[in-house]
Amino acid sequence: MELVIGTTLAGRYEIIARVGEGGMALVYKALDVLLNRYVAVKVLRQQFVHDEEFVRRFRREAQSAASLSHPNVVSIYDVGQEDEVHYIVMECIDGQNLNEIIKERAPLQSEEAIRIATQICDALDHAHHNHIIHRDIKPHNILIGQNGRVKVTDFGIARAVTSSTITQTGSVVGSVHYFSPEHAKGISTGEKSDLYSLGIVLYQMLTGTLPFLGESPISVALKHLQEPFEEPRELNPSIPQSVENVILKSMRKNPDERYQSAAEMMRDLETVLQPERLRESKVRFVSPNYHYGDHEETRVMPAIRLPYEQDALPSDVQTGASAGRYAEAKGSDYQSESSIGSSSSAANARQSLSRRGSGSAQEGNVQSVQPSPSTAPVQKKWVKPALWISLTLVFLAIMIGVVFYVKSLLAVEEISVPELVNLTESEAKAELEKFKLVLEDPIIRKPQAGVPKGIVFEQSKAPGTKVKEGASIKISVSEGEPAKPLPNLIGQPYDDAVKMLLDMGFDSKRVHRKPVFSDDVPEDSVVTMTPGAGENVDPLKDSVTLEVSKGKESFKMPNLVGSTKAEALAQIESLGLKLKPQDGIIEENSYLPEGQVIKQLPYYPNETVTKGMEVSIYVSSGYPPDAVEYRLQIPVPPKEEGKLSTIEIKYTDARGENMKLEKRKISTTQVFSVDLVVDPRKDGVVSVERDGEYLGAYPVTYVDVKQGTVPIPQIQPSTPTEPTGGAESPPAGSEGESGSEGESAESDNENAQDGEHAGHGG
């Protein structure tokens, strides 16, 4: 449910701004007015508040996540409900989420990526020990504070999804790009699912891309289940093999082949960049990393033997009946051939076996049959002619074979040249070998506009041309886009600058945005660019970073009152503020020292200002002309001579009320000097306390100062014997004065002091 800015939840969380949103909740920055600290408030979306099962599990999981206490886990402070608003109050992190960092700077250096992954692993280990599975590890849920501390958030919220909340506005709850295969199949997920998702996050940090992409969530989920991914070092060769091994192991489709716990993965991460591990061999697995859980994949079956392959038959297949049984066991194809009369099959089998015989039979150890006398002369008549005829026929056959063989050597077959353009270099080589053609050296390599590196863009003979077998074909392979000078993008709106780069052939992933404050460039326009304008770049290989204006930097107006004129001017200049061309510095009389700032306009302290704004300062030119300075000398004795007493002097004059002079310890009578400023509108008065006891207030009027008739204060030490009744002992008069006169003078003095004290709010 979306909250109005300014709303207060639970009487203490004042909503300041909306800072983010997810599939199930909106996130706001708020001020905890009770503890005077900023917090983040996550509010359940409106469409879920009437699902009682969802709300119950949402609150239960939020409370469970609140039990986690770890430096890499965002702390949960409070969970509550107000009307139909269900909310979670958590720690507010001042920084960026990992997704923003990846968009700005990916691929990250291995050291930084491993440091982030190790802290995430530490947080997961703590959660798993507390029986909490995250189920939605992704860069959006990883916060990086300005001090570099990694914080994992959204613990437990993914577990609150019911069957009625599988999708939300067409998107799968949770992030399908970071699903584990078991998560995609909808079966129970555990600790190893979080480690699979962490492997994808590490993959994305080091390559700048995701391992599985698709046109729909379903197609991406199927790729998690069935397809291998492009290995990280193929995208970023600078990744050490030891680091790639961590990714390959954590992203195995079979959970049993992954790390067994977050602690095991963290131990591997902590040593992965040690020098002795950087060149370790690539990790190998027994099973392929695809078809996880697919028990119906195509399998290779053993070949079926035919009846005449007697060498493969068992010995009992020497009779028709046995052959029939064997065929029945082996398959219908064999059965159809073995069903020709049992006697014929048996005879053929015996004849075949007798031909093969044992080793001695093959060497000619065969019994001959002696002809009868009546048949012997007949055989002698036809054997010799038959022998010559056979030899002649064999000789002719051999000669014919030789002729055809020589002809085949002399005749070379013509072949159509295949299409090689748009193939990779290795694919082109394989294609030529398939057609028995030869790749001519050297291969021409040069940049070619619009053709990625390693792709064939030209061949010496056009496709379809007839050539003899073994003919050579020359190919030209692209070295990438030819270098192009960058246009000047400074001052251009960011969207226009990106469009110009895309038109040059840059991929959007190679254009990085870096927000900065700027006093001169309008908001959302380019401030600087790297590389600079005019530098030659390869759009298919190089990246461009654009610093984009966030507008002028805003800050709180400082308090200039009380500082000197020079100090105020230096502070104004350092903040980028300006004095008004007229009335920038105004001097006027005041009771502050000359040259001190007494007022600032038009912005008071703590008001929001930006660089370039104009201000005025008012500087004291000294006291008003009718003001008079006077130094009052007050002799103050201790309470008892020779013993320490604490004396505190306060005064009020034209400069202010109840200002303290000093606090001093004395054991003998000492004179205190008080400098006062009085004028016709404001008299002065000095009050004295001794050991916390109020002794009296002594007025200094403007008239007495002008006439020189200011009375000298008389303060006496306490007498050894305290008067009864709680009344103060009147101070003794000067030596030679009568008791009545002293008493009358003291009474008059007290009345005057009381009147002055009341008049100044003392």
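How many bridges pair β3 with strand β4 (residues 37–44), and in which sense do the two run? They pair in the antiparallel sense, over eight bridges. Two strands count as paired if DSSP finds at least two bridges between them. The strands and helices themselves are DSSP runs, numbered from the N terminus: a strand is E over at least two residues, and a helix is H or I over at least four.

Before going on, a word on what you're looking at: this is a predicted model, where local features need pLDDT of at least 70 and side-chain atom pairs count only at pLDDT 80 or more, while totals for chains, interfaces and linings use all residues. Residues are numbered from 1 along each chain as its sequence is written, and side-chain values use heavy atoms, with hydrogens and water left out.

## Around β3

Let's stay with β3 for a bit. Opposite A25 you'll find L44 in β4. The hairpin of β3 and β4 has four residues between the strands, and N36 takes a positive phi near 55° there. β3 also pairs with strand β2 (residues 13–21): seven bridges join these two, which run antiparallel. Here A17 has K29 in β3 as its bridge partner. β2 and β3 make a hairpin too, with three residues between them.

Is strand β3 (residues 25–32) mostly covered or uncovered? Mostly covered: seven of its eight residues are buried. Buried means under 20% relative accessible area, exposed means over 50%, and partly exposed is in between (1.4 Å probe, protein chains only).

## A three-stranded sheet

Now move along to an open sheet of three strands, ordered β7-β8-β9 with antiparallel pairing. (Axes are lines fitted to C-alpha atoms, for helices over the stretch in contact, and angles run from 0 to 180 degrees between N-to-C directions.)

β7 and strand β8 (residues 142–145) pair in the antiparallel sense over three bridges, with G95 opposite G145 in β8. Two helices join the picture. Helix α2 (residues 98–105) lies across β7 and β8, at about 85° to β7. Helix α3 (residues 110–129) packs on the sheet and touches β8 and β9, its direction making about 40° with that of β9. Contact here means heavy atoms within 4.5 Å.

## One glutamate up close

E91 lies in strand β6 (residues 85–91). With 17% relative accessibility, E91 counts as buried. Leaving out residues up to four places away in sequence, E91 touches A40, V73, V74, S75, Y77 and K151. The side chains of E91 and K151 are joined by a polar contact of 3.5 Å. A polar contact is a pair of N or O atoms within 3.5 Å; within protein, one must be able to donate a hydrogen and the other to accept it, and residues adjacent in sequence count only if both atoms are side-chain atoms.

## Salt bridges

Side chains of opposite charge can pair when their charged atoms come close. A salt bridge is a side-chain nitrogen of Lys or Arg within 4 Å of a carboxyl oxygen of Asp or Glu, and the count comes to 31 salt bridges. Here are some of them:

| Pair | Closest N to O |
|---|---|
| D136 and K138 | 3.7 Å |
| K474 and E440 | 4.0 Å |

K474 is buried, at 19% relative accessible area, whereas E440 is partly exposed, at 31%.

D136 and K138 are both buried, while D503 and K499 are both exposed. D503 and K499 are four residues apart in helix α16 (residues 494–504), so about one helical turn separates them. There's also a network of salt bridges, linking R12, D32 and R37.

pLDDT is the predictor's confidence in each residue, from 0 to 100. The chain has a mean pLDDT of 78, and 77% of its residues reach 70 or more. Over residues 160–173 the pLDDT is below 50, and this stretch has 31 contacts in the model beyond near neighbours in sequence. Over residues 294–379 the pLDDT stays under 50, and the model has 48 contacts for them beyond four places in sequence.
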